[in-house]
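Visitor: I am new to this structure and would like a close look at one part of it. Please take me through that part slowly, and then show me how it sits in the rest of the chain.

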Amino acid sequence: NVADAVAQLPKLATGMDVNVRFRSPTDFEFTDEVAIFDLFDVPLLHGWVVDADADPDAATAIGGSSYNECVALAVSCVSPKS
């Protein structure tokens, strides 16, 4: 939605919260903030990519997960069980 994307424009002055996925430099979880880039046809890139050739175990473990999904998994592994 154009209105949702435009409403995110003020965030450009202070930073935006985007959620990367680790399989490609162009792979992001789609949000209203990412929609700004789509709306104006501006490529959005990141450098957090797992090299499957150099570290196949990490690539298998992470798969298509997002940063937020990986953090939630890490927290659940170290959080005390009730």
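Guide: Pro25 counts as partly exposed, because its relative accessibility of 36% falls between the 20% and 50% cut-offs that separate buried from exposed residues. All of this is read from a predicted model, and in that model Pro25 has its place in the loop between α1 and α2. Leaving aside the neighbours within four places in sequence, Pro25 is in contact with Leu44, Leu45, His46 and Val49.

With a relative accessible area of 15%, Asp27 is buried, since the term applies to anything under 20%. The side chain of Asp27 is joined to that of Arg23 by a polar contact of 2.5 Å. If residues up to four places away in sequence are not counted, Asp27 touches Val20, Arg21 and His46, and His46 is also among the residues in contact with Pro25.

A further loop, the one between α2 and α3 (56-62), holds Asp41. Asp41 is exposed, with a relative accessible area of 69%, and its phi is near 55°, a positive value in a residue other than glycine. As background, most residues other than glycine have a negative phi.

Turning to the chain as a whole, its secondary structure comes to 4 helices and 0 strands, and from the N terminus on the elements run α-α-α-α. The radius of gyration is 16 Å, well over the 12 Å that the globule rule gives for 82 residues, so the chain is more spread out than a compact globule. Along its principal axes the C-alpha trace spans about 40 × 40 × 20 Å. Buried residues make up 18% of the 82 residues, and Asp27 is one of those that are buried. Among contacts between residues at least 6 apart in sequence, 54% join residues at least 24 apart.

As for the surface, the chain exposes about 5,700 Å², of which carbon and sulfur atoms supply 59%. There are 4 positive and 13 negative side chains in the chain, and the centres of these two sets lie 8 Å apart.

Terms used: Residues are numbered from 1 along each chain as its sequence is written. This is a predicted model: local features need pLDDT of at least 70, side-chain atom pairs count only at pLDDT 80 or more; totals for chains, interfaces and linings use all residues. Side-chain values use heavy atoms; hydrogens and water are left out. Buried means under 20% relative accessible area, exposed over 50%, partly exposed in between (1.4 Å probe, protein chains only). A polar contact is a pair of N or O atoms within 3.5 Å; within protein, one must be able to donate a hydrogen and the other to accept it, and residues adjacent in sequence count only if both atoms are side-chain atoms. Contact means heavy atoms within 4.5 Å. Helices (H or I, at least four residues) and strands (E, at least two) are DSSP runs, numbered from the N terminus. The radius of gyration is taken over C-alpha atoms; the globule rule is 2.2 Å times the number of residues to the power 0.38. Accessible areas come from the Shrake-Rupley method with a 1.4 Å probe; for residues, only the protein chains shown count as cover. Lys and Arg count as positive and Asp and Glu as negative; His and the chain ends are not counted. The place of a charge is taken as NZ of Lys, CZ of Arg, CG of Asp or CD of Glu.
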